[in-house]
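Let's take a walk through this fold, one piece at a time. Have the viewer open as you read.

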Amino acid sequence: MDNQNIALVENFFKSFKCDVNLNEKELSIKNIPEKMQILFRIDKDVNFNLEDLTDSSGLVIKIKDYLKNKATKTLLKIDFEFPKNIQDRIHLRNCSISKVEKKHENNYFSRFSFLTTFKNMNHVEQVLNDIFVHEGKIVKGDLNDYNLSEGNIKEASSEHLEKDYNAAKEKLKEILSEKIKEISVVLESKINSEAERVKNHYNQLISEIRLNKDRIKDRIAEAEKVRDTVKVNKLKEMASMSLENASKKIEEEMNSVLENERKKDSLDVENKLINTTIIYYPIFNVVLELNEAGFVKKLEMKYNPLKDELSNVTCESCSSSLDQINLCRGGHICCSSCLHLCAECGKRFCRNCFAGVCTCCTKIVCKSCARTCVDCGKLFCKNCMRKSSVTGFEKCQNCVTYCPSCSDIVEKKGLVRDSLGRMVCRKCFSSQKKITFTESYNPNSFKLHKG
Ligand SMILES: [Zn+2]
Ligand SMILES: [Zn+2]
Ligand SMILES: [Zn+2]
Ligand SMILES: [Zn+2]
Ligand SMILES: [Zn+2]
Ligand SMILES: [Zn+2]
């Protein structure tokens, strides 16, 4: 038990004239003023377990910060369970999930609590504004619906705070400008009616002076009639204080009175950041292992539990957003319209993995089933290719033929006309030449070339 902290809390609330009661187990505080309730986010009447009032207690930290005139900081964590039915929300078409792994990272938002005091001579008003910011943007926030717990400083980052704070300050200005306008209107009308009153008062004075001067004039005229020189001089002296002078003096006085009234009613706005809360929650990284007839591919998706949202998966062929996931045997994720069956191997491939249409049989074939004939440069399926017995290369059906002499598959472009006028392969052609040669020199040893 930390007696120092207990005394701190006890004395702190006593200084605000709360009813504080300490027993062996608990510290009960009653009648906490509203401002303190807002600042410390506690109820009017609270009970604290003495064991809880340690150095890491939120309340103890807040009180210490308050006494140091520092904004309090709070770290909150929103607890989310990873949804068990996540697999049901992923629509797979030609594949299935063989494994789901989840790793998690955190996402953040901030809450800034500003206490604004509007002050003038006769009036003080305080307003508390909570501003929520996510990724530098103002968001609507309400923490009441979430399962909150005290955050762990090791898990949280505060990199985003500065950016968020700047956004919050701008928003506060916006909110306050409305309020200031409102108060200004009230003040302005007060000043105006006050000014009206002051002006009336001094106008009254001026008209009295004017009246007085007229009376003195009459009295001078009367005194002159009876030749009372002493009285005339006295009255003239009185009149010498000219009307202009008098009204000028009065006007000066009136202006200074008005100026004072304005000062009295000028509005003083003071903002104080009283609390910064960093709120974090997990973003789940879902690793799916898709399986299509034994062919396996890993797919990563993000699940944001706050928005209850799975990240978008797009087709790697046409970039459209997928509501159904297809797995291409080349290892790509694609949409249903980009998935085709290879007529040669019977596997499904995405558009990127398709080579094209066979020039000969017009089958659509995948890259691994497609061949290009080196002689004509055209695309064929592997079924439409023939191996030349002369070169050993695969050529297309159009570029090879059977040699009429040896019946081997040979390249058309290598055929030679023999002595019988047939187009034969070079092998047959050169052995025929050998026969001709042998015939002319040694007809007895004539042998038919075996092809
Ligand atoms: Zn597509
Ligand atoms: Zn194929
Ligand atoms: Zn593919
Ligand atoms: Zn073909
Ligand atoms: Zn060819
Ligand atoms: Zn031949």
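Start with strand β2 (residues 26-30), which pairs with β3 in the antiparallel sense over 4 bridges. Strands here are DSSP runs of E, at least two residues long, helices are runs of H or I with at least four, and both are numbered from the N terminus; two strands pair if DSSP finds at least two bridges between them. One bridge to look up: Glu 26 has Asn 49 of β3 as its partner.

Keep in mind that this is a predicted model, where local features need pLDDT of at least 70 and side-chain atom pairs count only at pLDDT 80 or more, while totals for chains, interfaces and linings use all residues. Residues are numbered from 1 along each chain as its sequence is written, with chains lettered from A and ligands numbered from 1 in the order in which they are written.

Zoom out and you get an open sheet of 3 strands, ordered β1-β2-β3, with antiparallel pairing. At the edges sit β1 (19-22) and β3 (46-49), each pairing on one side only.

Now for the helices. α1 (residues 3-15) packs on α3 (residues 58-67) at an angle of about 60 degrees, their axes 10 Å apart. Axes are lines fitted to C-alpha atoms, for helices over the stretch in contact, and angles run from 0 to 180 degrees between N-to-C directions. Who makes the contact? From α1 come Asn 5, Leu 8, Val 9 and Phe 12, and from α3 come Leu 59, Val 60 and Ile 63 (contact means C-beta atoms, placed from the backbone, within 7 Å).

Conventions. Contact = placed C-beta atoms within 7 Å.
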